[in-house]
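Reader: Could you walk me through one part of this fold, up close? I'd like to see what sits beside what.

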Amino acid sequence: MKKILKVYQFLLYLITAILLLVVCISFLPRICGIKPYIVLSGSMEPVIQTGSIAYIDGKIDSYSIHTGDIKLSDQTVTHRVVDETLTSVITKGDANEEKDFSPVLRSAILGKYLFSIPYLGYLYSYVSTPYLFPVLVSL
């Protein structure tokens, strides 16, 4: 009986730690205007790996984005700026050979890339599924 209680207690601590991690990686940065996005493709590897959580500063002025910066656009594409004009930027994924087909208007830029945490997006996606999250909370 004591062994079952210890296993249950361990699982409870583990679930609590996972929930706290989800809160820390998702909700706390939003207070400062920083939004997390899960990276779904490898177009920015090796700088930003697939399955990472990329943190984007959404409070910046789009005119402060310059060549060499990594931006997030309204189509949730995180690519590096390789050329710029007054009203738009030309972007390219670091792993891509060609520049992106169409320019991104500065008004469509949602923010500037700050940093990423590799592989955490996989865990976050799994934990925040509509079927698993209620189960974790109910325990």
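Author: Let's start with strand 3 (residues 70-73) and its link to strand 4 (residues 78-84): the two run antiparallel and are joined by three bridges. A strand here is a DSSP run of E at least two residues long, numbered from the N terminus (helices are runs of H or I, at least four residues), and two strands pair if DSSP finds at least two bridges between them. This is a predicted model, so local features need pLDDT of at least 70 and side-chain atom pairs count only at pLDDT 80 or more, while totals for chains, interfaces and linings use all residues. Residues are numbered from 1 along each chain as its sequence is written, and side-chain values use heavy atoms, with hydrogens and water left out.

Across that pairing, Leu72 stands opposite Thr78 in strand 4. Strands 3 and 4 make a hairpin with four residues between them, and Thr76 in the turn has a positive phi of about 50°. On its other pairing, strand 3 is joined by three bridges to strand 7 (residues 109-117), again antiparallel; here Lys71 stands opposite Lys112.

Now the side chains of strand 3. Ile70 and Leu72 point one way, Lys71 and Ser73 the other, and all are buried, meaning under 20% relative accessible area with a 1.4 Å probe and protein chains only (exposed is over 50%, partly exposed in between).

Zooming out, the open sheet has seven strands in the order 1-2-7-3-4-5-6, with antiparallel pairing. Strands 1 and 6 are at the edges with a single partner strand each, so one side of each has no neighbour in the sheet.

A pocket is an open set of points on a 1 Å grid over the protein atoms alone, where a 1.4 Å probe fits, with protein on both sides within 12 Å along at least five of seven lines; lining residues have an atom within 4 Å of a point. The second largest pocket is lined by 13 residues, with Ser73, Gln75, Ser102, Pro103 and Val104 nearest its centre. Strand 3 and strand 6 (104-105) each supply at least two of the lining residues.

As for the largest pocket, 13 residues line it too, and Thr76 and Thr78 are among those closest to its centre, along with Ile38, Val39 and Leu40. Strand 1 (34-38) and strand 4 are the elements that give two or more residues to that lining.
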